[in-house]
Amino acid sequence: MGLYIETHVRADLETLWERTQEPDRHQRWDLRFTEISYLPRAEGEPQHFRYATRVLPFLAVAGTGVSAGERHRAGGDRVSALRFASPHPLSLLAEGSGYWRYVPTQDGIRFLTGYDYRPRWGLAGKLADRFLFRPLMGWATAWSFDRLRLWCEDGITPERSRNRWLLELVARILLVAVPWAAASLPPGPLWLAPVPLTVLGLALAVLVPPSSRTPAARRCLRTPPARHREPRLLAALEQP
């Protein structure tokens, strides 16, 4: 798979399953989606769904997908797989597939995902995906996984953790912006010179680790293990 993200959640399996499989809970923590809703289905059939991502206040990119899950596996783990597609002409993502694994450990759950997709817009789309969209999708997935972890482990709701992250982001920006703005003031002592303070602020903004109660993509594993394969359940799903 093109993208791989893994985190460790110290919570029970049922809580993690519900917060990832129920659409109203899933859309609260996953930065990639604004809305997820299940479509009617007959008993025994895979679950079809609709998703949307708001890219601007007046513009949402929508698509459809199909998913299936295995809750009772011999090893005690669980897996869900999905295929998705978006016909929207402004969606760089044309179609794709992925899976989630839930692997119980002695002190929690290894929660991991692998997914890939086909970009549209020809060569321009491939270049935009390689250098911008795919790295952004990897970061957004990892950040969202850590946001979910904070919800499950510490009871910090996705809304609160988002607000804390925004406040921390503003603080880091100010560390650089305030000394830079000071460049327009009359010269002062050397240690108050805007250039050294800007460099110091930039170093602090980059090197100071995020709060333990703020989501951070860097806490997630982004490289798959050597022995890694897609679940067989994914091959059984047809395109939506």
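How many nonpolar, polar and charged residues does the lining of the largest pocket have? By class, that lining has 26 nonpolar, 11 polar and four charged residues. Ala, Val, Leu, Ile, Met, Phe, Trp, Tyr, Cys and Pro count here as nonpolar; Asp, Glu, Lys and Arg count as charged; the others, Gly among them, count as polar.

This is a predicted model, in which local features need pLDDT of at least 70, side-chain atom pairs count only at pLDDT 80 or more, and totals for chains, interfaces and linings use all residues. Residues are numbered from 1 along each chain as its sequence is written, and side-chain values use heavy atoms, with hydrogens and water left out.

Start with the whole protein. Its C-alpha atoms fill a box of roughly 75 × 45 × 35 Å, taken along the principal axes. The protein has six helices and seven strands. These are DSSP runs, numbered from the N terminus: helices are H or I with at least four residues, and strands are E with at least two. Along the sequence the pattern reads β-α-α-β-β-β-β-β-β-α-α-α-α.

Of the 240 residues, 40% are buried. Buried means under 20% relative accessible area, exposed means over 50%, and partly exposed lies in between, with a 1.4 Å probe and protein chains only. The accessible surface comes to about 13,900 Å². Carbon and sulfur atoms hold 62% of that surface. The areas come from the Shrake-Rupley method with a 1.4 Å probe; for residues, only the protein chains shown count as cover. Now take contacts, meaning heavy atoms within 4.5 Å. Among contacts with a separation of 6 or more, 60% join residues 24 or more positions apart.

Return to the pockets. The search runs on a 1 Å grid over the protein atoms alone. A pocket is an open set of points with protein on both sides within 12 Å along at least five of seven lines, whereas a cavity is a set where a 1.4 Å probe fits but cannot get out. Lining residues have an atom within 4 Å of a point. Grid points are joined across faces, edges and corners, and a volume is the space filled by probe spheres set on the points.

The largest pocket has a volume of about 980 Å³. It is lined by 41 residues. Arg-32, Phe-33, Tyr-51, Thr-53 and Met-137 lie nearest its centre. Strand E3 (residues 47-56) gives the largest share of the lining, six residues.

Follow Met-137 from there. It is found in helix H3 (residues 122-154). Met-137 counts as buried because its relative accessible area is 14%. Beyond its neighbours within four places in sequence, Met-137 is in contact with Leu-3, Arg-32, Tyr-115 and Tyr-117. Met-137 and Leu-3 are 134 residues apart in sequence, yet their C-alpha atoms are 8.5 Å apart in space.

The second largest pocket has a volume of about 380 Å³. Its lining of 17 residues has Arg-73, Arg-101, Arg-229, Glu-230 and Pro-231 nearest the centre. Seven of the lining residues are nonpolar, one is polar and nine are charged.

Glu-6 lies in strand E1 (residues 3-9). At 11% relative accessibility, Glu-6 is buried. Its contacts, leaving aside neighbours within four places in sequence, are Arg-110, Phe-111, Leu-112, Cys-220 and Leu-221. Glu-6 and Arg-222 are 216 residues apart in sequence and 6.6 Å apart in space, C-alpha to C-alpha. Arg-149, in helix H3, is buried too, at 13%. Not counting residues up to four places away in sequence, Arg-149 touches Thr-7, His-8, Val-9, Asp-154, Ser-212 and Arg-219.

What of the cysteines? A disulfide is a pair of cysteine sulfur atoms within 2.5 Å. The count comes to zero disulfides. Cys-152 is in none; the nearest cysteine sulfur, that of Cys-220, is 13 Å away. Cys-152 is buried at 13% relative accessibility, and Cys-220 is buried at 8%.

End at Trp-121, in the loop between E7 and H3. Its phi is near 75°, a positive value in a residue other than glycine. Trp-121 is partly exposed, with a relative accessible area of 46%.
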